[in-house]
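Please look over the model shown below before reading on.

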Amino acid sequence: MQAFFQYTVEGLTIGAFYALVALGYTMVYGIIRLINFAHGDVFMVGAFLGWTVLVTLAGMHLPMAVALVVAFAASLCFSGALGVAIDRIAYQPLLAAPRLSILITALGVSLALENGVLLIYGPGFLTYPHLMGTAGFAIGGVQISYAQTVMFVVSLALMFALYLFVHRTFIGTAMRALAVDQDAARLMGIDVERIIQLTFFIGSFLAAAAGVMEGLYYTQISFYMGFLVGLRAFTAAVLGGIGNIPGAMAGGLLIGLLESYGAGYLSSRWTDVFVFLVLIGVLVVKPTGLFGERVVERM
Amino acid sequence: MVDRADPAMRAATARMLIVAVAAGAVVLPLVSDDYVVDVAISILTFGILGLGLNIVVGYAGLLDLGYAAFFAIGAYTTALLETLLHFSFWETVPASLLFAAASGVIIGYPTLRLRSDYLAIVTLGFGEIVRIIANNLDITGGPNGIYGIDPPVLFGFEISSPKAIYGLAWAFLLIVILFTRRLSASRLGRAWISIREDETAAEAIGVPTLRVKLLAYVMGALVGGFGGSLFAARFGAIDPTGFTYLQSINFLIVVVLGGMGSTPGVLLGAAIVAGLPEALRFLALWREFGFAIGLIILMLVRPQGLWPARVARRVELPEDEGGDPVFAGKDAPRGETLLEVRDLSRDFGGVRAVSGLSFTAHRGEILSIIGPNGAGKTTVFNCLTGVTRPSGGEIRFRGAPLGRLSPHRIVALGLSRTFQGIRLFPHMTAYENVLVGMDPHHRVSLLGEIFGLPSAGRDGREHLGTCRRLLRFVGLEEAAGHRAGDLAYGDQRRLEIARALGAKPEILLLDEPAAGMNPTEKTELMTLIRHIRDLGVTIVLIEHDMMLVMGVSDRVLVMDHGTLIAAGEPAEIQRDPRVIDAYLGNESDTDETAETPEEATLWDS
């Protein structure tokens, strides 16, 4: 039983990262019906940007707390801008084109980001400064580190902020309107292009937050890290019901838990098989995901 | 037949291109070194896999991000049977096809009811599962894979040199080209295009969409397994790194970049995806990056693909003996009860769209259902055709309850329909639309069409003849080769009727056929409706145009708020005070903004 709770703690920690990345998939999908295959790589770029700033500032002997805040701010904002740029260059011109062509440019952007980072930083692992020691506390024998606690709380805070933004602000309402009916939203005077860009900004911003935290938590990053996390987060978004924001959050945590239990009770070699089988099982029973709504079709 | 560009010119260009490619293919191994031949083999392999995936993505419009799984299954089948059971290469190929097809069923079945975006992750997951299994099992050699696969032997000659493999790859590619082209021209191929265009409409006019989708996966898997066998023979060794997600992505890029649904496009895409990275070798480390940027630019410049599939196809419809189309009800006695609706109800959430509705339709009559917007008329049609499941009540057709039959089965029984908003397959030609409508009565076998058997050719000509007759019947013979989406509005309405008649219905359900027509067209439509009835087809009509309704109907049913408020001959209905009330309204009833219940949701399965 103690092992179970230990796996749960691990699962929730990685699940929180997945949830943050899954939000970007689900928000973009909700608004322009695109599976943004480059999103996992924006997460990766966020981790590298955070590393660059952190290492540079650490070299200048700034206090670590200041360096950390600056690194977060710089990485998140720059990644957000990167998301907007990707949308403008590779997606916006193809919104009216056949849907698979935009999927291919997304794959192209994904490859370009991976290989761009590979060219700049090289193929090896980079190591984040060890800021988050293993210190922590234990509840009934279950070890919980302070790092895990802080990251989980930060992730939840970001998700809660997003939820408030989408449901309590005017722009958030416009965003939801857009997701329901783009043409109607445009006719109501909503600047659709602006909202789409904002969506990309927020999604990339959150992914970069997960990227920097993942770097701090695991301390090792590589140009290839976006693929696996992107895949898991995408799975999470679909499991929760793609297009649904609370669904992505729940899906992320659930995938984190599945991965952790799978690795703990089965074998890490079979984790992905386990995760995908659960996903397929859920979709067979509920074709729109756990929280997804039925799509209405007119005749 | 009409075609945009000069067809003779086009055919000549195509012939020249084929001759040029064939000449190049023959000369290449004579003048090039092994490296170039090796790249060429890669291009051919990508061509095979691209054409296979094109069946799923291009023809049927289903997304597959795990296509490498079928490739892997074919390759591992050949490798295992050769190394463990000492089969010859040729003996392993049928087994590869069999296993790949079986896995096509396994992946296809759970995904059939999913929308395309969910398909992406499920197919991706399937691809990963297959790769991880190959990577983790002992029998597949784990990460090391399987080596020591013997090369194929043909008439005592060992196919192992690059040039020999090159020849084998061409042979495989030509077989696949022939196979996929036959498929696309077959009845199944048309059904695929129809579900790509509009799956709901395809089901509602009689296409068994679930089976058709499953067959797309199976046919795609067959080609993937075939390519896998070739791959194993080529390298003599395989390991899981050859079947990654990235490989599946490459196959998808081949199809979309080249042009979905287009054979030359896919082959061009294969040449680029397999050849361009080689050509970019001078970029050294920047090669992959350059390829990615190149891919984005190509897609931005040519969103339809480099060589998109041609839409309007030329066809010579065979001459038929003329005359009207023939229907089953032609000589049946008029007046017997054909359709019996008892106490039909349908709720949408808290809204009761249809409530306790009962009526009958008799053979040979024209029965109209009228009523204000939101009265529940279209919901009745949707219940009759199986598109919506009734919440209560019973529908009996020719004495037997329809129960929970799926729409295409109901069409096959003899109830076919048109739609309130036109739902033709806009990128298919007029005659192809009608041929899809005739699907429930096609008896030709798929194997016959693939192998080009004479019986299939005979059946095909006979069907084209019937198709031509139907088009002439609605006055669209001249437009047979036009894209349905390009036709004038009234013509589209009549084409929908021809398509519905293709199913040889006993009852034809027409949902507002006169909407948007001008008075001349309406008059012609009235003549057409009477003519169809005279051929033995019973007609149930939803219509707002009173001139038309009162002009053609034998009986009229009036619905309001989901219930029947009047029924009778046109003259009686016109005098009925309740009908006048429902149409002109009283105070409580004039709220124009009230949402019509039947618009809340229509698709319920």
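How many helices and strands are there in chain A? Chain A has eleven helices and four strands, where helices (H or I, at least four residues) and strands (E, at least two) are DSSP runs numbered from the N terminus. This is a predicted model, in which local features need pLDDT of at least 70, side-chain atom pairs count only at pLDDT 80 or more, and totals for chains, interfaces and linings use all residues. Residues are numbered from 1 along each chain as its sequence is written, while chains are lettered from A and ligands numbered from 1 in the order in which they are written.

Along the principal axes, the C-alpha atoms of chain A fill a box of roughly 60 × 45 × 35 Å. Of the contacts in chain A with a separation of 6 or more, 76% join residues 24 or more positions apart, a contact being two residues whose C-beta atoms, placed from the backbone, lie within 7 Å.

Within chain A, His39(A), Gly46(A) and Trp51(A) are among the residues of α2(A) that meet α8(A), whose partners include Gly203(A), Ala207(A) and Glu214(A).

Turning to the two chains, the contact takes 37 residues from chain A and 40 residues from chain B. On the side of chain A that touches chain B, the largest share, twelve residues, comes from α4(A), and by class that side has 27 nonpolar, six polar and four charged residues.

Methods: Nonpolar A, V, L, I, M, F, W, Y, C, P; charged D, E, K, R; others polar.
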